[in-house]
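Colleague: I should like to learn how to read a structure such as this one, feature by feature. May we look at it together?

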Amino acid sequence: MELEEVKKFLQVDFDDDDDYINLLIEGSEDYIKNAVGFFDTSVALCKIAAMTIISTLYTKRSFTLTTADEKSVILRSILMQLKYSSHAADESEGDA
C-alpha cells in the first residue's frame, strides 16, 4: 500500500507522521499475512483490513481495546473470511 493512499484515508495532510504511517502500513501487512497467510492489495478485503488496523493504531496509538467495539468485530470477520477464501488457497498452492 502506498503512503499517499493511506494518508488520504486517514485525512492526514502533513508529513510529520510519515515514518510512523509507513511503519503502520508495513505492520498491518505483516499482521494480515500472519493471520491469514497472504496479503494482496488487489483483494479489497485485504486493503480494508489493513486500513482498519492502520486507522486504529494511528488514532488510538494502541491496539488494546477496553471493549469489543464494532471495528474489532468487523476486522475479526474480515480476517476470518480472508483466511478461508479462495485467495488463501491460491497463495498456499503457489508455495508448493
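**Reading the structure step by step**

Modeller: Let us begin with a single residue. Leaving aside its neighbours within four places in sequence, Asp-17 is in contact with Tyr-58 and Arg-61. Please bear in mind throughout that this is a predicted model.

Colleague: Where is Asp-17 found, and is it buried or exposed?

Modeller: Asp-17 belongs to the loop between helix 1 and helix 2. Buried means under 20% relative accessible area. Asp-17 has 16% relative accessibility, and therefore counts as buried. Its side chain and that of Tyr-58 are joined by a polar contact of 2.5 Å.

Colleague: What is the mean pLDDT of the protein, and which elements have the lowest and highest values?

Modeller: The general idea is one of caution: where pLDDT is low, the predicted coordinates should not be read in detail. In this protein the mean is 86, and 83% of the residues reach 70 or more. Among the elements, helix 1 has the highest mean pLDDT, 97, while helix 5 (residues 86-95) has the lowest, 67.

Colleague: Let us then take helix 1. Which of its residues are buried?

Modeller: Helix 1 spans residues 3-10, and its buried residues are Leu-3, Val-6, Lys-7 and Leu-10. They lie on the same side of helix 1, because they cover an arc of only 100 degrees around the axis. On the face turned away from that buried side, one finds the exposed residues Glu-4 and Lys-8.

Colleague: What covers the buried residues of helix 1?

Modeller: The cover includes helix 2 (18-36) and helix 3 (44-60).

Colleague: How should I read the nonpolar core, and which residues touch the most other members?

Modeller: The general idea is that, in soluble globular proteins, nonpolar side chains tend to be buried together. Here the largest nonpolar core has 26 residues, and those touching the most other members are Met-1, Val-6, Ile-21, Ile-32 and Leu-82. Helix 1, helix 2, helix 3 and helix 4 (70-83) each give two or more residues to this core. The largest share, 8 residues, comes from helix 3.

Colleague: Leu-82 is on that list. What is it in contact with, leaving aside its neighbours within four places in sequence?

Modeller: Leu-82 is in contact with Ile-32, Val-36, Phe-38, Val-43, Leu-45, Cys-46 and Ala-88. For the protein as a whole, consider the contacts with a separation of 6 or more: residues 24 or more positions apart account for 58% of them.

Colleague: Let us turn to charged side chains. How many salt bridges are there?

Modeller: The count comes to 3 salt bridges. In one of them, Glu-5 pairs with Lys-47, and their closest N and O atoms are 2.6 Å apart. This pair links distant parts of the chain, since Glu-5 is in helix 1 and Lys-47 in helix 3, 42 residues apart. Glu-5 is partly exposed, with a relative accessible area of 32%, and Lys-47 is also partly exposed, at 25%.

Colleague: Which residues are linked in a network of salt bridges?

Modeller: The network links Lys-7, Asp-15 and Asp-18. Lys-7 and Asp-15 meet through their side chains at 2.8 Å, N to O. Lys-7 also forms a salt bridge with Asp-18, the closest N and O atoms being 2.9 Å apart. Because Lys-7 lies in helix 1 and Asp-18 in helix 2, this pair ties together parts that are 11 residues apart in sequence.

Technical notes
Residues are numbered from 1 along each chain as its sequence is written. This is a predicted model: local features need pLDDT of at least 70, side-chain atom pairs count only at pLDDT 80 or more; totals for chains, interfaces and linings use all residues. Side-chain values use heavy atoms; hydrogens and water are left out. Buried means under 20% relative accessible area, exposed over 50%, partly exposed in between (1.4 Å probe, protein chains only). Helices (H or I, at least four residues) and strands (E, at least two) are DSSP runs, numbered from the N terminus. The arc is that of the directions from the helix axis to the C-beta atoms. Contact means heavy atoms within 4.5 Å. A nonpolar core is a set of buried Ala, Val, Leu, Ile, Met, Phe, Trp, Tyr and Cys residues joined through side-chain atoms within 4.5 Å. A polar contact is a pair of N or O atoms within 3.5 Å; within protein, one must be able to donate a hydrogen and the other to accept it, and residues adjacent in sequence count only if both atoms are side-chain atoms. pLDDT is the predictor's confidence in each residue, from 0 to 100. A salt bridge is a side-chain nitrogen of Lys or Arg within 4 Å of a carboxyl oxygen of Asp or Glu.
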